[in-house]
Structures are given as C-alpha cells and as structure tokens.
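I opened the file and kept notes as I went. The entries below follow the order in which I looked things up.

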There are 2 protein chains.
Amino acid sequence: MHPFAPGPRDRVAALGEGALIAAIRRWLGNVCPPAPAGIGDDCAVLPPAKRHQLLTVDPVIFGRHFDAKVPPSAVGAKLLKRNLSDIAAMGGRPRVAVVSLCLDRATSVAWLQEFHRGLAATARRHGVALVGGDVAEAPRVLIASLTLLGEGAGPRVLTRTGARSGDWIAVTGRLGGSLTSGHHHRFTPRLAEGRWLARHPEIRSMMDLSDGLAKDLTALTPRGSRAALDLAAVPRRRGCTLTAALGDGEDYELLCAISASADLVALRQKWRRRFPTLPLTVIGRFVKNPDLTTATNALPVSGYEHFRPTS
Amino acid sequence: MHPFAPGPRDRVAALGEGALIAAIRRWLGNVCPPAPAGIGDDCAVLPPAKRHQLLTVDPVIFGRHFDAKVPPSAVGAKLLKRNLSDIAAMGGRPRVAVVSLCLDRATSVAWLQEFHRGLAATARRHGVALVGGDVAEAPRVLIASLTLLGEGAGPRVLTRTGARSGDWIAVTGRLGGSLTSGHHHRFTPRLAEGRWLARHPEIRSMMDLSDGLAKDLTALTPRGSRAALDLAAVPRRRGCTLTAALGDGEDYELLCAISASADLVALRQKWRRRFPTLPLTVIGRFVKNPDLTTATNALPVSGYEHFRPTS
C-alpha cells in the first residue's frame with residue numbers, strides 16, 4: 001500500500017490533527033493507557049524505576065527503511081522491533097515508548113491505521129506501553145521515530161565494551177540478505193536471548209547487528225586487538241554469499257564476546273536447551289595485534305555507512 | 001544560514017555517518033557523558049529513578065518550526081526548549097535527552113555544528129545530559145526530534161485534569177505574536193515557575209500553551225463547564241491584538257487552574273516576591289454550563305491545528 005493517498009478524502013489533511021490523534025489512540029487500543037500514564041497530557045507520567053534504565057531511539061523513513069511494497073502493519077512492527085533489538089543488545093526488558101510522526105498532508109489514513117495496528121500488536125507481544133508522541137506536518141516525507149525506555153532485567157547490563165584479547169566471538173541466527181528476503185521487517189528481536197546471555201558471566205560484551213557484521217564488529221573489538229574470523233563458520237542466510245553475510249545491514253542478530261576461559265561446550269549445550277531452533281555460532285576470536293594501537297579489523301567488506309554513496 | 005549547503009565539500013555527505021557522529025559528540029562537549037551513559041552503545045544506560053518520571057517528545061522541522069532566518073544555534077535551543085516547556089507544565093525537572101536526526105545529504109556541516117552548539121548550551125543551562133540519538137538520511141528534509149526524560153520535582157506532578165467549576169484560570173507571561181516577534185525561539189521555558197506552582201496545593205491543574213490559548217484551554221476545562229474569560233485581562237505581547245493573544249501558537253507560557261477557595265491576593269504576592277519580572281495573571285474562571293455535557297468554550301478564534309489549511 002502506498003503511504004500517500006491519491007484522493008483528498010483519504011488523506012490525513014481531511015481529518016485534521018485533533019481527529020488524527022483521537023484515531024491513533026483508537027488504533028493503539030489497550031497498549032495506550034489513559035492519561036497521564038498515556039497519550040493526552042504534556043508528558044507521560046511513569047512510575048519510578050528501581051533498576052538501571054535503558055534509552056534508545058530509531059526511526060523508520062519512507063524510501064529508506066521501507067517502501068510501498070512493505071505492508072504498513074509490518075512498518076509499524078519494524079519501527080518498534082528496531083528499538084527492541086537495541087534493548088535486547090543490552091540484555092534488558094522494554095517498558096514504554098513514545099513516537100514522533102512527521103507526515104505529508106497527503107498521507108493515507110488507511111495506511112496509518114494499519115501502521116498503528118502493527119505497532120500495537122508488536123507492543124502487546126512484548127509488554128510495551130505506548131505512552132505518548134507527537135504528530136507534525138512535514139512536506140513529502142513519512143518518518144516515524146520511536147524512543148524506547150527499558151530497564152536492566154538482572155544485576156548486569158551488557159555494553160559494547162568489556163571484550164578482551166583471546167575472547168571468542170559469537171553470533172545468533174544467520175546473517176545477510178535482510179533486505180531481499182524481507183527479514184528486515186519480519187525479524188524477531190532477540191530479547192529473551194539477550195537476557196539469557198546477560199545472565200551468563202562468561203559473556204563479556206554484546207551488541208546488535210544493524211550495519212553489517214564487518215562494520216559493527218569494530219565496536220566490540222578491544223583496543224590493541226583485531227577480530228580473527230573463521231570465515232567459513234559465519235552463519236549465512238539461505239542463498240547468501242559470504243560478502244552479503246559480512247556486509248549487509250539489518251540482521252538484528254546479537255553479536256557477543258565470550259570469555260576465553262569459558263566452557264564453550266557447556267555454554268552452547270545450555271543455549272541449545274533453551275533456544276533449540278536458533279543457532280549460537282562461534283565465528284572467531286579477538287587476537288592481540290602488536291602492529292595496531294587502536295581497535296580495527298581487516299575484512300573484505302565494510303558494511304553500511306549512511307550518507308556515503310554506495311559504490 | 002541555510003541548512004542545505006551549495007558546495008559538496010560543506011555537506012554531511014562529505015563526512016559520512018561515522019565522522020558525523022564523532023563531530024556531534026565533539027560539538028556537544030561535556031553535556032554528552034561517555035558511553036554507556038552517553039552516545040556510543042546500543043542504548044544509553046541511566047541510573048534508577050526514585051521519583052515519578054516524565055517522558056515527552058517534540059520535533060523541529062525545517063520550513064515549519066524554523067526557516068533559514070533563524071540562527072541554527074537558536075534552532076538547537078528551540079528543539080530542547082519545546083520539550084523543557086512540557087516538563088515545566090508538569091512541575092518537573094529535566095534529566096536526559098536523545099535526538100533523532102533525519103537529514104538530506106546536502107545538509108550543511110557548519111549549520112549542524114551551530115545547531116548542536118545551541119542545543120548543548122541550552123542543555124548545560126538546564127542540567128540536561130544528551131545521552132544518545134540516531135542519524136539517518138531522508139530526502140529534502142531537515143528534522144530533529146528530541147525525546148526528554150525528566151522526573152517530578154516534589155511530591156506532586158501537575159496534570160491537565162483536576163480543575164473544577166469555579167476555579168480561577170491564570171497564565172504566566174504575555175501571549176500572542178510569537179512567530180513575528182521571534183519569541184518562538186527566544187523564549188525561556190517556565191521550569192522554575194512550573195515547579196513553584198506544583199508545590200502550591202491551590203494549583204489544581206496545569207499545561208503549557210503551544211497551540212494558542214483558545215485551543216489549549218479546552219484541555220484544562222472540566223467536563224460540564226466552560227471557560228469564562230475576562231478578555232480585557234488576557235496579557236498581550238506588545239503590539240498584539242486580542243485575536244493574536246488568543247489564537248497564535250508557540251507561547252510556551254503556563255496555563256493553570258487555581259482553586260476557587262484559594263487566597264488569590266496572598267498567592268500572587270508570594271509569586272511576585274519569587275518571580276518579580278514575570279506576571280501571573282488571572283484571566284477568568286471555569287463556570288458551570290448546564291447546556292453542555294462535554295467540556296467546551298466559545299472563543300472568537302480557534303488556535304493552531306496541524307494539517308488543516310489555515311483560512
């Protein structure tokens with residue numbers, strides 16, 4: 001469905017702001033609590049938080065993160081799932097979200113309805129309350145930006161730092177071909193997996209893969225080390241080349257560093273019992289590199305970089 | 001300064017995403033703490049929160065909330081101040097913010113630098129840490145959306161509900177002409193004033209004025225009542241008509257309901273001692289309206305409504 005409607009009666013301009021906000025509350029249903037806990041006051045009022053809190057923001061942009069071929073409900077789901085993946089990457093639990101919508105006046109009301117239904121269904125599945133937002137007019141675009149607030153699920157939040165030389169590098173699921181396969185909007189954020197990994201002290205650091213393994217791996221690589229990958233071990237999505245598995249973005253899998261002293265066999269056995277259908281694959285380790293003073297690695301591809309022309 | 005640069009070397013496309021994020025961290029300086037408390041991990045990690053929390057989001061959009069005549073530093077300041085005004089409206093205290101930037105590739109690096117300097121200066125002034133964000137490419141636009149997390153400053157958070165028939169209606173400052181006078185980016189969010197009002201039990205409900213008094217007042221009006229305004233008492237910005245004071249948006253002043261049983265003279269005396277240069281003006285009261293079953297009021301103008309053509 002195209003997000004811009006040809007007929008004037010099917011556009012948000014026919015509704016106006018007040019009616020649009022009322023419609024959004026209706027579409028969101030019970031994932032939007034009554035004000036001031038939800039939409040309707042100057043701020044959403046949230047209860048105090050006993051644990052460490054996690055805050056992240058990611059948008060979906062028409063023409064970049066989705067096109068007219070992606071069902072609007074999948075776009076709404078993707079908007080939340082992109083952010084859920086960031087909470088998963090810290091081993092956390094999501095709590096509440098706010099959405100900033102920037103819309104052309106020609107945006108289709110039917111498209112927005114399906115978008116919000118997909119967003120609400122995903123929020124319900126993951127126990128997220130949609131507590132507020134903003135709607136503004138912007139020419140020729142359709143952008144939704146979601147901010148997600150979560151909390152640590154246990155005593156430990158896993159960050160990108162903490163890996164040491166000698167640590168194993170492991171990844172969940174299979175990589176590559178996200179855009180061509182539809183994985184970029186059908187994926188499941190690895191929340192339960194992230195919490196499981198954060199509970200295991202052998203895991204030293206973690207992140208989610210969004211710009212491609214080759215690029216993202218540098219963020220986990222300790223200073224003075226490089227990532228030595230067993231390229232044949234990198235788990236590829238069906239039909240994907242190694243280059244695609246290393247360079248494509250939007251995998252939304254977890255990448256982690258496992259302590260060199262961990263009992264890998266026992267850890268992977270426990271993993272398989274808990275997550276029998278999702279592989280956790282060791283793909284290499286961090287090794288000392290006496291020639292380098294800063295973290296780096298030398299892979300054949302470089303991952304996705306915004307603003308740069310893709311050559 | 002125009003936000004889109006004519007020369008290719010002055011555009012964000014020449015930097016690329018990694019260098020742009022590094023530059024943003026540099027421009028923000030000490031208001032951006034090191035990761036994982038600030039930019040650089042999948043989420044920002046925040047300490048637990050003992051008090052009620054406040055969450056709000058508002059964007060600034062090129063061509064809507066600012067144009068090439070507004071200095072970029074004022075745009076950055078406005079982005080944060082719009083959200084600070086929402087925290088002020090609950091009587092709260094701001095804590096941390098994340099920013100989602102959607103930019104055309106032609107966006108001027110110099111413009112972005114000044115924008116972030118203005119944002120950082122305002123953040124520093126109000127004790128806000130900028131802890132994360134996202135940068136994405138979007139064609140032909142420049143949109144920054146900021147999510148602000150705050151907390152209640154005292155035992156009470158003031159919401160939009162709570163006013164009763166008979167309550168006085170009061171407003172801070174002067175209204176109207178925000179766009180023509182430059183107030184829309186030069187205003188000071190009424191944070192100290194909001195906290196002072198929330199500490200006084202005579203204040204029953206509060207909001208900030210962003211779409212114009214006539215429109216915003218309906219949100220504070222109790223069910224079965226209407227707002228009876230003393231139109232001559234409405235404080236106008238110099239040179240403004242009554243219509244402008246009632247209908248213009250972006251006042252960013254506080255509107256509150258004061259209990260009918262309050263000692264207005266004593267309250268306003270205390271206010272003047274604390275805020276000698278800012279008027280707090282009683283402009284009317286809520287009165288029973290037996291003909292109405294829902295909240296409404298009948299004013300000559302209607303305030304700003306997004307998506308509708310302004311006639």
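I first needed a rule for pairing: two strands pair if DSSP finds at least two bridges between them. The model is a predicted one, and I kept that in mind throughout.

**Entry 1: strand E2 of chain B**

I applied the rule to E2(B) and strand E5 (residues 142–152) of chain B, and found an antiparallel pair with 9 bridges. Within this pair I noted Leu54(B) opposite Gly150(B) in E5(B).

I then looked for a partner from the other chain. Strand E1 (residues 44–46) of chain A is joined to E2(B) by 3 bridges, and the two run antiparallel. Here Leu46(A) is the residue opposite Gln53(B).

Is E2(B) mostly covered or mostly open? I found it mostly covered, since 9 of the 9 residues in this strand, 53–61, are buried. I also sorted the residues by direction. Gln53(B), Leu55(B), Val57(B), Pro59(B) and Ile61(B) point one way, while Leu54(B), Thr56(B), Asp58(B) and Val60(B) point the other way.

I laid chain A on chain B and read an RMSD of 0.0 Å, with a turn of 180° and a shift of 0.0 Å along the axis. The two copies are therefore related as by a two-fold rotation axis.

Which residue of chain A comes closest to the rotation axis? I found Ala49(A), with its C-alpha at 2.4 Å. I also checked the interface: 100% of the interface residues of chain A are interface residues in chain B too, so the copies meet through the same surface.

**Entry 2: two helices of chain B**

I turned to helix H3 (residues 72–88) and helix H4 (residues 109–125) of chain B, which pack at an angle of about 45° with their axes 6 Å apart. H3(B) and H4(B) are therefore oblique to each other. I recorded the crossing as right-handed. The residues of H3(B) that meet H4(B) include Pro72(B), Val75(B) and Leu79(B). On the H4(B) side I listed several, among them Trp111(B), Phe115(B) and Leu119(B).

**Entry 3: a sheet in chain A**

I traced an open sheet of 5 strands in chain A, in the order E7-E9-E6-E10-E8, with antiparallel pairing. E7 (203–208) and E8 (225–229) stand at the edges with a single partner strand each, so one side of each has no neighbour in the sheet. The twist averages 25° from one strand to the next.

Last, I followed E8(A) to E10(A), residues 280–288, and found 5 bridges in an antiparallel pairing. In this pair Ala227(A) stands opposite Phe286(A).

Terms used: Residues numbered from 1 in each chain as written. Chains lettered and ligands numbered in written order. Predicted model: local features only at pLDDT ≥ 70, side-chain atom pairs only at ≥ 80, totals over all residues. Buried ≥ 20, exposed ≤ 12 C-beta atoms within 10 Å, placed from the backbone. Helix = DSSP H or I, 4+ residues; strand = E, 2+ residues; numbered from the N terminus. Least-squares fit on C-alpha atoms with pLDDT ≥ 70 in both. Contact = placed C-beta atoms within 7 Å. Axes fitted to C-alpha atoms, helices over the stretch in contact; angles between N-to-C directions. Parallel < 35°, antiparallel > 145°, perpendicular 65-115°, else oblique. Left-handed = near helix turned anticlockwise from the far one by under 90°.
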